[in-house]
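Work through the following exercises with the sequence and the structure open side by side. Each task is followed by a worked solution.

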Amino acid sequence: MLMKASSQSLTEQLAGRFAGRIRDRLLAPGARLPSVRQCAEQHGVSPTTVVAAYDQLLAQGLVEARKNRGFFVREAGSGREERESRASSAEPKPASWSAAHWMVAPRGPAPVNATALIRGMFHKISDKPQPGMGVLPSDWLETTFMPAAVRKVTSTRALHEFSLQYGEPLGDSGLRRALSHKLAGLGVPASPDQIITSVGATHALDIVSRTLLRPGDPVMVEEPGWAVEFARLNAMGMRLLPVPRRADGPDLEVMAKYCAVHKPKLYVSVSVFHNPTSYCLSPGSAHRVLQLANEHDFHIVEDDTYCHIAPAHASRLSTLDGLQRTIYVGGFAKILAPNWRIGFLAAPARLVEQLLDTKLLGTLTTPALLEKALALCIEQGQLRRHCERIRTRLDVARGRSVKLALNAGCRFAAEPAGLFGWVDTGVDTDALSQRMLDEGYLLAPGALFHAERKPSTLMRINFATTQDAAFWRKYAELVKRM
């Protein structure tokens, strides 16, 4: 809340709040700020205060005014901005081109985008639990076996042996053997020579994309789906083909039409505990997807990020396909050590050399020290026991979170499972997310999870970080106001 007793004026506090969000990318380039009247209502200040704050943002070059539309976060260095500036200079303007001109600007939420969620992982919004985050709380991940594993692999002799030379191109051989054995338990047949380690699962996805795709290539993605993957593929210049995700798997009719018309090169899927719905793929849908892949000659990259909290018997495309058209991607940031940044991919033997070339061009090799420590954690069963503890704790948290959400008036759009809940709030969650930011909470609005952003009443919640009754009270209060 803005404080009248603060050493800063209300105008300075309000301008500073928006400036901070813009610099932290919690307000994305191109996002529209609330209208003057809407902002005044939200913050309990006069329209004059908002006008003055917006004028400060204009003076700082953080926002731009678009005639008859409102205020927008500047897209620095864009040609469009320069063109609009030149065009506006040729038009008659009020004597004072200030925020006062925009008192009747259209209302519209300023969206939280994909990179805002990532930045929220690195720059804490507040000390409160963050419902929109995609990771487990740090205290859930605290262990004693991980530091012990690092100490063991960094004895003087061992450290000397592997620190003074580059690591193995494919990744530490001990880790790849441990991963091969672990994948066999899931029914995924991958020899150590078919496994390539990476700097996290996102890097593994990037290796696959850069190897198999070229700018402009059509890629099928699940919708709703992972916002970061949409943003990453868009940045690479790919053409996204959104496939509606249902409870049993992708919409097969839509997939078939895409295959016939667009000839996609790749399909990106989260089969088990899909993000954000937590749906799991059915065997029937999996078989049909693989039939389409064979008929239309495209590859499937299966992101199994949540395998550590999922049942081993869940249907996976890589299991049914035997790594013929599928590429399996996994990682350990969600369950074990976010900052270790260890991921991997398991691929058909015929693609390994191409994928390895892409890895070498991007990172040379990956750090062997932490890969060796992780191999030790897997081989000694410590990772398995840790995952069992996390699953038990998450089950309890999910039950409590579901009760709190229902009591706050939410409706679950998908059966609660896994780490995430997909809930319907009944209000525009882009607008709600900005109001909750004022209270110190970062939400994940539903529009984030669509390839082409559109208003949504849905949002994704993290069951592990929505145990705070105070959050749900504030949520219910703001929804009622809206």
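Two residues are in contact when heavy atoms of theirs lie within 4.5 Å. The structure is a predicted model.

**Exercise 1. Describe the overall make-up of the protein.**

Solution. Begin with secondary structure: the protein has 18 helices and 14 strands. Next, take burial: of its 482 residues, 55% are buried. Last, turn to the contacts with a separation of 6 or more: 74% of them join residues 24 or more positions apart.

**Exercise 2. Find what the buried residues of helix H1 pack against.**

Solution. Step one is to locate the helix: H1 covers residues 10-23, 14 residues in total. From first C-alpha to last, H1 reaches 20 Å, close to the 20 Å expected at 1.5 Å a residue. Step two is to list the buried residues of H1, which are Thr11, Gln13, Leu14, Ala15, Phe18, Ala19, Arg21 and Ile22. An α-helix has 3.6 residues a turn, so residues three or four places apart point the same way. Step three is to identify the partners: the buried residues of H1 pack against helices H2 (36-43), H3 (47-59) and H17 (429-438), and against strands E1 (63-66) and E2 (70-73). Finally, look just after H1, where Arg25 takes a positive phi of about 65°.

**Exercise 3. Characterise the packing of helix H8 with helix H15.**

Solution. Start with the geometry: H8 (residues 173-185) and H15 (residues 368-379) pack at an angle of about 35°, their axes 8 Å apart. The crossing is left-handed. Then assign the residues: H8 contributes Gly174, Leu175, Ala178 and Leu179, which meet Glu371, Leu374, Ala375, Ile378 and Glu379 of H15. Sorted by type, the residues of this contact are six nonpolar, one polar and two charged.

**Exercise 4. Which residues have the most contacts inside the largest nonpolar core?**

Solution. The core has 68 residues, and those with the most contacts inside it are Leu183, Tyr328, Phe332, Leu336, Trp472 and Tyr475. Helix H16 (residues 382-407) supplies the largest share of this core, eight residues. Apart from this core lies another, of 27 residues, including Met238, Val329, Leu351 and Val352.

**Exercise 5. Is Gly409 buried or exposed?**

Solution. First place the residue: Gly409 is in the loop between H16 and strand E11 (411-412). Gly409 has 52% relative accessibility, so it counts as exposed, the cut-off being over 50%.

How values were computed:
Residues are numbered from 1 along each chain as its sequence is written. This is a predicted model: local features need pLDDT of at least 70, side-chain atom pairs count only at pLDDT 80 or more; totals for chains, interfaces and linings use all residues. Side-chain values use heavy atoms; hydrogens and water are left out. A nonpolar core is a set of buried Ala, Val, Leu, Ile, Met, Phe, Trp, Tyr and Cys residues joined through side-chain atoms within 4.5 Å. Buried means under 20% relative accessible area, exposed over 50%, partly exposed in between (1.4 Å probe, protein chains only). Helices (H or I, at least four residues) and strands (E, at least two) are DSSP runs, numbered from the N terminus. The expected span of a helix is 1.5 Å times one less than its number of residues. Axes are lines fitted to C-alpha atoms, for helices over the stretch in contact, and angles run from 0 to 180 degrees between N-to-C directions. A crossing is left-handed if the near helix is turned anticlockwise from the far one by less than a right angle, and right-handed if clockwise. Ala, Val, Leu, Ile, Met, Phe, Trp, Tyr, Cys and Pro count as nonpolar, Asp, Glu, Lys and Arg as charged, and the others, Gly among them, as polar.
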